[in-house]
Each structure stands twice: as structure tokens, then as C-alpha cells.
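Please view the sequence and the model together while reading the points below.

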Amino acid sequence: MSTAAATPPPVHPPLAQTKYQVRFDWGVAGAGRVEAADVAVVVDVLHATTSVERRVSGGETVAVAELDDRGETAQIATLLADAGATVVAGCLRNRSAVADWIIAKQAELGRRTSIVVIAVGELDDTAETRFAVEDLFGAGAVIEALGLRGIDFTSPEAAAAAAAYEGLRNGVGHLLSASATAQQLAQAGATQHVQAAREVDVSSVVPVLDGALFRA
């Protein structure tokens with residue numbers, strides 16, 4: 001009596017973080033590296049996604065092409081949307097609102113929702129993405145808020161970002177203001193961006209990418 005050979009389990013590239021519900025990576029390369037998800041949260045605290053949240057909160061719609069001067073945030077949002085994700089703009093200001101929105105999305109879909117969180121980072125003088133602590137905190141804040149709502153099957157990368165925010169939450173405002181990016185903005189006379197970006201959970205608005213526009 002012959003038996004059919006068992007079908008081997010699918011092999012996923014480790015960097016795709018496929019087996020985890022919540023995935024985390026950096027920059028344009030990271031957006032293309034992680035497995036496509038139902039929902040993608042793009043985080044650029046200083047200051048593209050913070051600006052989007054504030055403008056949408058004020059009743060505007062924001063074209064994705066307006067997100068930043070160099071284009072990496074817009075490129076990330078478009079790349080994730082083209083891969084089939086519903087893209088939202090996350091920051092410290094709306095991190096709990098984003099988590100609540102994802103919970104509602106999961107209920108709407110009637111199944112476990114996959115989520116990718118992308119920290120944009122900053123381009124250095126050689127056009128390479130550098131680590132930006134403010135985006136680590138912003139991404140970690142969203143991931144931690146998801147965990148508090150029961151979405152806690154996170155990749156190690158996502159868990160580490162959440163732990164960074166949780167462990168330093170009492171000093172996040174100071175650390176953000178002291179960050180290299182904030183100092184660059186201060187030298188350029190744009191300190192207002194930093195003050196707005198420091199605020200946590202002050203907004204209930206979740207900007208969602210609809211075609212080429214972010215809207216509430």
C-alpha cells in the first residue's frame with residue numbers, strides 16, 4: 001500500500017517575518033523586504049506622518065506625493081499599497097487610534113489581520129537610510145498599543161521596537177527633542193514640528209491612503 005508523500009511546509013524568507021502577525025522593518029528596502037500584509041502603518045515622526053495626521057485632523061486631504069521632499073515616505077506608502085495593504089499614517093499623536101482602527105479592521109475582515117509597521121528613518125548625505133530614534137519610538141508606540149489590545153504575535157524586530165518605547169516612555173518627549181533629526185530641524189528654524197511630534201495619544205484621527213490621497 002503506497003502512501004502519498006507529505007507536502008512540506010512552505011519555506012518563507014526569514015527577513016519577510018511572514019509567520020508573525022505584526023512585522024517591523026526600516027525604510028524603502030524594509031517595505032519591500034517584509035511579507036505583504038493586510039494593513040501597513042507608515043511612521044515618520046519628524047515629520048511626514050505627523051504632518052499628515054495634523055492636516056487630516058484639520059479637515060484636509062493630503063496627497064501622498066506631498067509627504068516629504070526626498071520622496072522616501074511617499075515611496076514606502078505607494079509600495080505597500082501596491083502590494084495590497086491598506087496604508088495608514090501613524091505617529092505618537094495617534095498611536096492608540098491606529099491600534100483601535102486596526103482592531104476594527106480585523107473585526108470587519110473576520111480573521112486575523114496581518115500588520116506591517118515601517119519606520120521611515122532619515123536619509124543621510126549619501127542617500128542611505130539611517131536609524132532615526134524618533135521613528136523607532138513612533139513605530140514601537142503603535143506596536144505596543146496593538147499588544148495592549150491583544151494583537152501581540154509580533155516578530156522579534158517588532159517586539160524590540162515596542163520594548164524600546166515602553167521602557168523609555170517617560171523620557172520619549174525629551175529624547176525626541178534631543179535626537180539628531182530634531183536638532184537638524186531646530187537649526188533650520190522648524191522647532192514647531194518637534195513640539196507637535198512629541199505629543200502622545202492626543203488625536204483620534206487615522207489618515208488612510210485612498211488612491212493617491214490620505215483622508216480620515
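Is glutamate 66 buried or exposed, or does it fall in between? Glutamate 66 is partly exposed, with a relative accessible area of 45%; buried means under 20% relative accessible area, exposed means over 50%, and partly exposed lies in between, using a 1.4 Å probe and protein chains only. The model is predicted: local features need pLDDT of at least 70, side-chain atom pairs count only at pLDDT 80 or more, and totals for chains, interfaces and linings use all residues. Residues are numbered from 1 along each chain as its sequence is written, and side-chain values use heavy atoms, with hydrogens and water left out.

**Salt bridges**

- The structure holds twelve salt bridges, a salt bridge being a side-chain nitrogen of Lys or Arg within 4 Å of a carboxyl oxygen of Asp or Glu.
- One of them joins the side chains of arginine 55 and glutamate 66, at 3.0 Å from N to O.
- Because arginine 55 belongs to helix α2 and glutamate 66 to the loop between β3 and α3, this pair ties together parts that are eleven residues apart in sequence. Helices (H or I, at least four residues) and strands (E, at least two) are DSSP runs, numbered from the N terminus.
- Arginine 55 counts as partly exposed, at 24% relative accessibility.
- Aspartate 201 and arginine 95 also meet through their side chains in a salt bridge, at 3.3 Å from N to O.
- Aspartate 201 sits in the loop between α9 and β8 (208–210) and arginine 95 in helix α4, so this pair ties together parts that are 106 residues apart in sequence.
- Arginine 95 is buried, with a relative accessible area of 6%, whereas aspartate 201 counts as partly exposed at 35%.
- A network of salt bridges links Arg95, Glu144, Arg169 and Asp201.
- A further salt bridge connects the side chains of arginine 215 and aspartate 210, at 3.1 Å from N to O. Arginine 215 counts as partly exposed at 32% relative accessibility, and aspartate 210 counts as partly exposed at 44%.

**Helix α2**

- In helix α2 (residues 48–57), the buried residues are Ala48, Thr49, Thr50, Val52, Glu53 and Val56.
- These buried residues pack against β2 (39–43), β3 (62–63), α3 (72–82), β4 (86–90), α9 (191–198) and β9 (213–215).
- Glycine 59 follows α2 and has a positive phi, near 100°.

**Helix pairs**

- The axes of helix α5 (residues 133–148) and helix α6 (residues 156–168) come within 7 Å and cross at roughly 100°. Axes are lines fitted to C-alpha atoms, for helices over the stretch in contact, and angles run from 0 to 180 degrees between N-to-C directions.
- On the α5 side the contact includes Leu136, Phe137 and Ile143, and on the α6 side it includes Ala158, Tyr165 and Leu168; contact means heavy atoms within 4.5 Å.
- The residues of the contact of α5 with α6 comprise ten nonpolar, one polar and two charged. Ala, Val, Leu, Ile, Met, Phe, Trp, Tyr, Cys and Pro count as nonpolar, Asp, Glu, Lys and Arg as charged, and the others, Gly among them, as polar.
- Helix α8 (residues 180–187) packs with α9 at an angle of about 140°, their axes lying 7 Å apart.
- Here Ala182, Leu185 and Ala186 of α8 meet Thr191, His193 and Val194 of α9.
- The residues of the contact of α8 with α9 divide into four nonpolar, two polar and no charged.

**Nonpolar cores**

- Phe24 and Val41 touch the most other members of the largest nonpolar core, which has 40 residues. Such a core is a set of buried Ala, Val, Leu, Ile, Met, Phe, Trp, Tyr and Cys residues joined through side-chain atoms within 4.5 Å.
- Helix α5 gives the most to this core, with eight residues.
- A second, separate core of 24 residues includes Val34, Val52, Leu80 and Ala89.

**Individual residues**

- Serine 96 lies in helix α4 (residues 95–109) and is buried, with a relative accessible area of 14%.
- Leaving out residues up to four places away in sequence, serine 96 touches Ala145, Arg149 and Asp201.
- Proline 13, in the segment before β1 (22–26), counts as exposed at 55% relative accessibility.
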